[in-house]
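Try each task before reading its solution.

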Amino acid sequence: MQRLSSDPRSVETFVRAVELGSFSALARAWNVKPSSISRRIAALEEELGVRLLARTTRKLSPTEAGQRLYERARASLNELDEALRAAAEMTEVPRGRLRASAPIAFGQRFLAPLLGAFHAAHPEVELELGLHDRYVDLVGEGWDIAIRAGHIRDEGLVARRLAPNDRVLVASPRYLDARGRPSSPRDLAEHAALRFRYVDSDDRWWFRSGDDTERVAVAGPVASNSGELLIAAAEAGLGITLVPRWLAFAALSAGRVEAVLPDWEVTATDFDSQLSLLYPSRRLLPAKVRTFVRFLTQAFDPPPWA
């Protein structure tokens, strides 16, 4: 069977003409000339090879073929209206599935306690929270939003500051009592360093205090791509580790570790000092994403570890 190529607008014109009962009524409703309505329907009849409307000077009525087309086309147009309405509501009411990505430890420590409050406030949003310690491709993998530390490599993404991401040196009091407390970054060369290991990283720690800067090569018994593991190793007395402050916050508050060289600022060319919320575009942002962004920025103002 040959596929027909009718303009959907012509089909809609036919349906609305039947509903209003005349070309002139439809022309007034659409603010066009009656002749343009007549031409569209004539073209549709010509393509289908069948007469769709019986017309008199006062009214029009569908033929048998026209009635059949009207009933099916009206149902399709109603479904289309419903679909368009539902799509428009996505920008007004927060609902539907929201896919968010975050670092594993951050999600477990700081996002998990917020889930109940978010669900209570927005019960029509289904939150799919993916925890990863890897780079995620928001657009390619279908994520609506991500929390990310470090330099933003994705051109075209919107990055909104969420919270500070400064780093801190920590060790257990037991380790420091046994090995001594460093008084300057140079002293770290004599200590056991628990190092974060990731792509392109090296075993050097950078520090700044006023105009003074120090770069120290470190070594030690443990290296890992898991900040959680490094904190646990520090609590166990294996050495000194350098981790984001939010990751050390619980252990610092409980006294399981203490800050080392607190007067020195940790710096690095490969480290960004903030956590960011990333999403694809500000334009026509769905309500579920806008709502989640607002919820998180309020929840971390101020952040618990600041």
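**Exercise 1.** Find out in which sense S5 and strand S15 pair, and over how many bridges.

*Solution.* Keep in mind that this is a predicted model. Start with strand S15, which spans residues 274-279. Next, follow its pairing with S5: the two run in the antiparallel sense and are joined over four bridges. To check a position within this pair, look at isoleucine 147, which stands opposite leucine 277 in S15.

Now turn to another partner of S5, strand S3, made of residues 96-102. S3 and S5 pair in the parallel sense, over two bridges. Here alanine 100 has isoleucine 145 of S5 as its bridge partner.

**Exercise 2.** Work out how many of the five residues of strand S5 are buried.

*Solution.* Select residues 145-149, the extent of strand S5. Apply the cut-off: a residue is buried when its relative accessible area is under 20%. Four of the five residues pass, so S5 is mostly covered. As a background value, buried residues make up 40% of the 306 residues in the chain.

**Exercise 3.** Which strand order does the open sheet of three strands have, and which are its edge strands?

*Solution.* Reading across the sheet gives S10-S9-S14, with antiparallel pairing. The edges are strand S10 (212-217) and strand S14 (265-267), each of which pairs on one side only. Neighbouring strands in this sheet are turned by 30° against each other on average, direction ignored.

Then zoom in on strand S9, residues 204-209, which pairs with S14 in the antiparallel sense over three bridges. Within that pairing, arginine 208 stands opposite glutamate 265 of S14.

**Exercise 4.** Are helices H1 and H3 roughly parallel or roughly perpendicular to each other?

*Solution.* Two packed helices are described by the angle between their axes and the distance between the axes. Take helix H1 (residues 8-20) and helix H3 (residues 34-48): their axes come within 9 Å and cross at roughly 110°. Angles of 65 to 115 degrees count as roughly perpendicular, and therefore H1 and H3 are roughly perpendicular. The crossing is left-handed.

Finally, list who touches whom. H1 contributes Arg9, Ser10, Val11, Thr13, Phe14 and Ala17 to the contact, while H3 contributes Ile37, Arg40, Ile41 and Leu44.

Key: Residues are numbered from 1 along each chain as its sequence is written. This is a predicted model: local features need pLDDT of at least 70, side-chain atom pairs count only at pLDDT 80 or more; totals for chains, interfaces and linings use all residues. Side-chain values use heavy atoms; hydrogens and water are left out. Two strands pair if DSSP finds at least two bridges between them. Axes are lines fitted to C-alpha atoms, for helices over the stretch in contact, and angles run from 0 to 180 degrees between N-to-C directions. Buried means under 20% relative accessible area, exposed over 50%, partly exposed in between (1.4 Å probe, protein chains only). Angles under 35 degrees count as roughly parallel, over 145 as roughly antiparallel, 65 to 115 as roughly perpendicular and the rest as oblique. A crossing is left-handed if the near helix is turned anticlockwise from the far one by less than a right angle, and right-handed if clockwise. Contact means heavy atoms within 4.5 Å.
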